[in-house]
Amino acid sequence: MGAALTWAAVAALLAAAGFVCYGGPNLLDLGFYHDDWNTLSHIHFAPDSLPLRMAALARVDASQLFRPFDIILWPTLYRLFGLDPVPWQVFLLCVNVGIGLATAKLLLRFKVPVSLALLGGILILSYPSKDADLFWPLNVINPLSLLFYLVGHLAFLSHVESGNKHPLIACVAALLLVGVRRR
């Protein structure tokens, strides 16, 4: 089996594992949590403009000024998805599957056999104590931070192997976004 076909199979299996970790079709029954509604209310009732919604969020919660990516991300997702929780949950699912894929890719870079790399991706998706990262829509910032870290690490490895500066720039950009983590 070719490398591209192998990677496509790994990606398909990890996407299926992510869907199972979300409870399959029960994903459609998930909604927002109390904290989500509080934050979303400030965005929802702000004037219909991305910059004004970002300003409203920063104004009502000064701690957001220390997490500027939240101020950009949440109003942007609101602009895309509104108050329908399903696309928020699907986006969160995609981010978590991205973490599984990046984990598997990282393991493959360290010459781990494909079957074990797949297992590593599945384990990170199914780790039981991260339910907030799987089901809490506005908590997407935490899994995004991990995804950015993994992407940055992969880019750094590309830089080390190739000597090319472009992966190093991607690494620095990804690692700057890691700092967006809320906790």
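**Cores and helix packing in a predicted model**

Student: Which members of the largest nonpolar core touch the most other members?

Tutor: This is a predicted model, where local features need pLDDT of at least 70, side-chain atom pairs count only at pLDDT 80 or more, and totals for chains, interfaces and linings use all residues. Residues are numbered from 1 along each chain as its sequence is written, and side-chain values use heavy atoms, without hydrogens and water. A nonpolar core joins buried (under 20% relative accessible area, 1.4 Å probe, protein chains only) Ala, Val, Leu, Ile, Met, Phe, Trp, Tyr and Cys residues through side-chain atoms within 4.5 Å. Of its 29 residues, those touching the most others are Leu 73, Trp 74, Trp 88, Val 140 and Leu 144.

Student: Which helix gives the largest share of this core?

Tutor: Helices are DSSP runs (H or I, at least four residues), numbered from the N terminus. α2 (34-44), α4 (68-81), α5 (85-109) and α8 (141-162) each supply at least two residues. The largest share, eight residues, comes from α5.

Student: What does Leu 73 contact, leaving aside neighbours within four places in sequence?

Tutor: Leu 73 is among the buried residues of α4. Contact means heavy atoms within 4.5 Å. The partners are Val 140, Ile 141 and Leu 144.

Student: Are α1 and α6 roughly parallel or roughly antiparallel?

Tutor: α1 (residues 3-21) and α6 (residues 114-126) pack at about 25°, axes 9 Å apart. Axes are lines fitted to C-alpha atoms over the stretch in contact, with angles from 0 to 180 degrees between N-to-C directions. Angles under 35 degrees count as roughly parallel. The two helices are therefore roughly parallel.

Conventions:
Buried < 20%, exposed > 50% of the residue type's maximum accessible area, 1.4 Å probe, protein only. Parallel < 35°, antiparallel > 145°, perpendicular 65-115°, else oblique.
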